Amino acid sequence: MSDKTRILQAGTFLCCSVLSLSAMASGFRLPEISIAGTSLSGAVVANPDLPGALPYNPATMAVQKGGLLLAGVVIVQPDISVNPESGTASDSQGKDSIAVPNLFVTNPINSNWSWGLGINAPFGLETKWPDETFAAFAGGADPLEPEHSKLEMLNLNPNLAYRLDAQTSIAFGLDNYRVLDLVFNTQAIRISGDGQDYGWNIGLLHTQKDWSLGLAYRSRVKVTIEGEVDATAVGSTKSDAEASIEFPSLLQIGARYKVDDKLAVEFDVEKTGWSSFDTVEIHHSSPGIPNPINGDNNWDDALAYRVGATYELSPANQLRAGYAYDETPSNDTYFSARVPGNDRQTLSLGLAHNRADWTIELSYLYVRADDRKVDASTPFDGNYKLSAHLFGLGISTPF
């Protein structure tokens, strides 16, 4: 294989997986954007009682009785490995622990209107493969072999909610996706960048006796990433680079039922519009590398099914538990080691303790993806395994 062919092949793989960084969720999405959401495996979109439902469905702002501050952090400890049919068995060498912050503040404007601001990280994580993992790249010694992939981003999400009547509220907001650091390197080529852009979201909440129904939708967000290509290690040059990345839409629908004064159960269905993550072009001016680099992902929209339950142990303590099944959007034809995900299941537990005007929340979530065997039709053949432990700590207080 010639150097030019290897560069073209590696560039295509880079482009195909430019944002395919998270193996902890469907695609590269992180649904754990509050501590309550983590402890309930994300089944909170129809919950009018928990402050932790606010980041998922801002329409729940309208049923809050006053100002509220909610803050937390989720520590993600991933375990990702591959055993190639040819190459070297390896563990991903990204950070052992990754902190994912979340914050939401809301306050009523009058008896009908409320405002809120959420800050969270709905996409992210990383993979980092050591040299000689994948022998398809010139026997494992090719410097264009994939290495480090990382996405750090925040969503700044201001919202307004309006209470239509005693049972129904709606919300509208803006999503400001800020990509703080995007890295997708080979063993020799360094590519990095950042950027931001806007989308929108809507929410709906309806309560009827012991039932509540919730709906939340977030639009696609197309972010222009501006950065640098450094190909000096393969005899080329550094140059400015630009690519447009389209984050997917998200539709969430949920129903919650209060069995009695202590127990409530919710079931949610989600659809993530990964089909928008189709073709990516990276434009640059480094000679010897195709310009633009074109890549096809051909992902499919993916569904997730979530169930969560809360139980009042006492007036001061609430027990939480959840389960979820998330489909993967990727297929073997366009598989990349930068996102070695598969259909996954989660189990979660949590506890909330009220003390004076403060609520302390703890959560634990275990993620296990189905093992994935990829044949030699792609350069990333092998058996992939991944799991993760997520630990959350949060507080909330009225003001």
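How much space lies in the second largest cavity? About 80 Å³. This is a predicted model, where local features need pLDDT of at least 70 and side-chain atom pairs count only at pLDDT 80 or more, while totals for chains, interfaces and linings use all residues. Residues are numbered from 1 along each chain as its sequence is written, and side-chain values use heavy atoms, with hydrogens and water left out.

**The second largest cavity**
- A cavity here is a set of points, on a 1 Å grid over the protein atoms alone, where a 1.4 Å probe fits but cannot get out; lining residues have an atom within 4 Å of a point.
- Its lining has 14 residues, with Phe 184, Ile 191, Ile 225, Ala 241 and Ala 243 nearest the centre.
- Strand 7 (168-186), strand 8, strand 10 and strand 11 each give two or more residues to that lining, and strand 11 gives the most, with four.

**Strands around it**
- Strands are DSSP runs (E, at least two residues), numbered from the N terminus, and two of them pair if DSSP finds at least two bridges between them.
- Strand 8 (residues 190-208) runs antiparallel to strand 10 (residues 221-230), joined by five bridges; Gly 193 sits opposite Gly 227 of strand 10.
- Strand 10 also pairs with strand 11 (residues 238-247), antiparallel again, over 10 bridges, and Asp 230 faces Lys 238 in strand 11.

**The largest cavity**
- This one has a volume of about 170 Å³, counted as the space filled by probe spheres set on the points, which are joined across faces, edges and corners.
- It is lined by 17 residues, and Arg 29, Ile 33, Pro 122, Arg 218 and Leu 250 lie nearest its centre.

Definitions and conventions. 1 Å grid on protein atoms, 1.4 Å probe; cavity = no way out; pocket = protein on both sides within 12 Å on 5 of 7 lines; lining within 4 Å.
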